[in-house]
Amino acid sequence: RGLADVARAYGGSVTVAEVNPVRAIEARYAGYEVVSSLDDALPGADVVVTATGSDGVISEVQLSLLKDGAFLLNAGHKSEEIEVASLKRHPHRTVLPPFIEAIDVAENKTVYLLAEGNMFNLTAGGGDSLNAFDVPLAILVSGIAYAIDEGQDNKPGLYMLPETV
């Protein structure tokens with residue numbers, strides 16, 4: 001959802017390809033065009049972003065559906081969302097730093113792969129800062145320590161941690 005919201009905020013026309021009917025309805029209610037098949041969305045897409053956490057979201061067959069000049073990037077949780085190996089078999093590739101590779105997939109058809117198909121936000125975008133993980137974990141551990149040391153006399157329920165924790 002966040003990716004679609006940001007793309008729309010910057011003026012993008014967003015199409016969501018969603019097989020889960022509940023998520024498809026959520027996307028439709030949020031005002032996005034929704035298609036149930038990725039194959040329907042790929043031929044007209046300028047930028048294709050995977051964000052599923054599943055392997056093989058963009059297969060070799062689907063790569064052939066991309067139009068000339070399309071950008072392809074992964075922002076999901078797995079590097080295997082895009083079948084990069086099939087792209088790498090094309091002999092005409094040009095690295096355009098930083099983090100962009102132009103791949104001639106057919107005569108007069110070039111696809112731009114970002115961050116070698118790895119998770120773009122972590123590989124090329126600086127990713128999430130360590131504080132995004134360290135601070136919440138430290139608070140969680142401090143809260144557990146407080147509950148063990150100080151909270152044993154409390155009745156079951158929801159309690160706010162003291163500011164000192």
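Student: How many helices and how many strands are there in the protein chain?

Tutor: In this predicted model, the protein chain has seven helices and seven strands. Read along the sequence, these elements follow the pattern α-β-α-β-α-β-α-β-α-β-β-β-α-α.

Student: What radius of gyration does the protein chain have, and what would a compact globule of 165 residues have?

Tutor: The protein chain has a radius of gyration of 21 Å, whereas a compact globule of 165 residues would have one near 15 Å. Taken along the principal axes, the C-alpha atoms fill a box of roughly 75 × 35 × 30 Å. Buried residues make up 27% of the 165 residues, and the chain exposes about 11100 Å², of which carbon and sulfur atoms supply 57%.

Student: In which order do the five strands of the open sheet lie?

Tutor: As a general idea, strands of a sheet pair through backbone hydrogen bonds, either parallel or antiparallel. Here five strands form an open sheet in the order S3-S4-S7-S6-S5, and the pairing is mixed. The edge strands are S3 (47-50) and S5 (93-96), each of which pairs on one side only. Neighbouring strands of this sheet are turned by 25° against each other on average, with direction ignored.

Student: Is Glu101, in strand S6, buried or exposed?

Tutor: A residue counts as buried when its relative accessible area is under 20%. Glu101, which lies in strand S6 (residues 100-106), has a relative accessible area of 8% and is therefore buried. The side chain of Glu101 makes a polar contact with the side chain of Lys88 at 2.6 Å, and another with the side chain of Arg93 at 3.0 Å. Leaving aside neighbours within four places in sequence, the residues in contact with Glu101 also include Thr94, Val95, Leu96, Val111, Tyr112 and Leu113.

Student: Which atoms come within 2.8 Å of each other at the start of helix H2, and which residue with a positive phi follows H2?

Tutor: In general, an α-helix has 3.6 residues a turn, so residues three or four places apart point the same way. At the start of H2 (residues 21-29), a side-chain oxygen of Asn20 reaches to within 2.8 Å of the backbone nitrogen of Val22. After the helix comes Gly31, whose phi is positive, near 95°.

Technical notes: Residues are numbered from 1 along each chain as its sequence is written. This is a predicted model: local features need pLDDT of at least 70, side-chain atom pairs count only at pLDDT 80 or more; totals for chains, interfaces and linings use all residues. Side-chain values use heavy atoms; hydrogens and water are left out. A polar contact is a pair of N or O atoms within 3.5 Å; within protein, one must be able to donate a hydrogen and the other to accept it, and residues adjacent in sequence count only if both atoms are side-chain atoms. Helices (H or I, at least four residues) and strands (E, at least two) are DSSP runs, numbered from the N terminus. Two strands pair if DSSP finds at least two bridges between them. Axes are lines fitted to C-alpha atoms, for helices over the stretch in contact, and angles run from 0 to 180 degrees between N-to-C directions. The radius of gyration is taken over C-alpha atoms; the globule rule is 2.2 Å times the number of residues to the power 0.38. Buried means under 20% relative accessible area, exposed over 50%, partly exposed in between (1.4 Å probe, protein chains only). Accessible areas come from the Shrake-Rupley method with a 1.4 Å probe; for residues, only the protein chains shown count as cover. Contact means heavy atoms within 4.5 Å.
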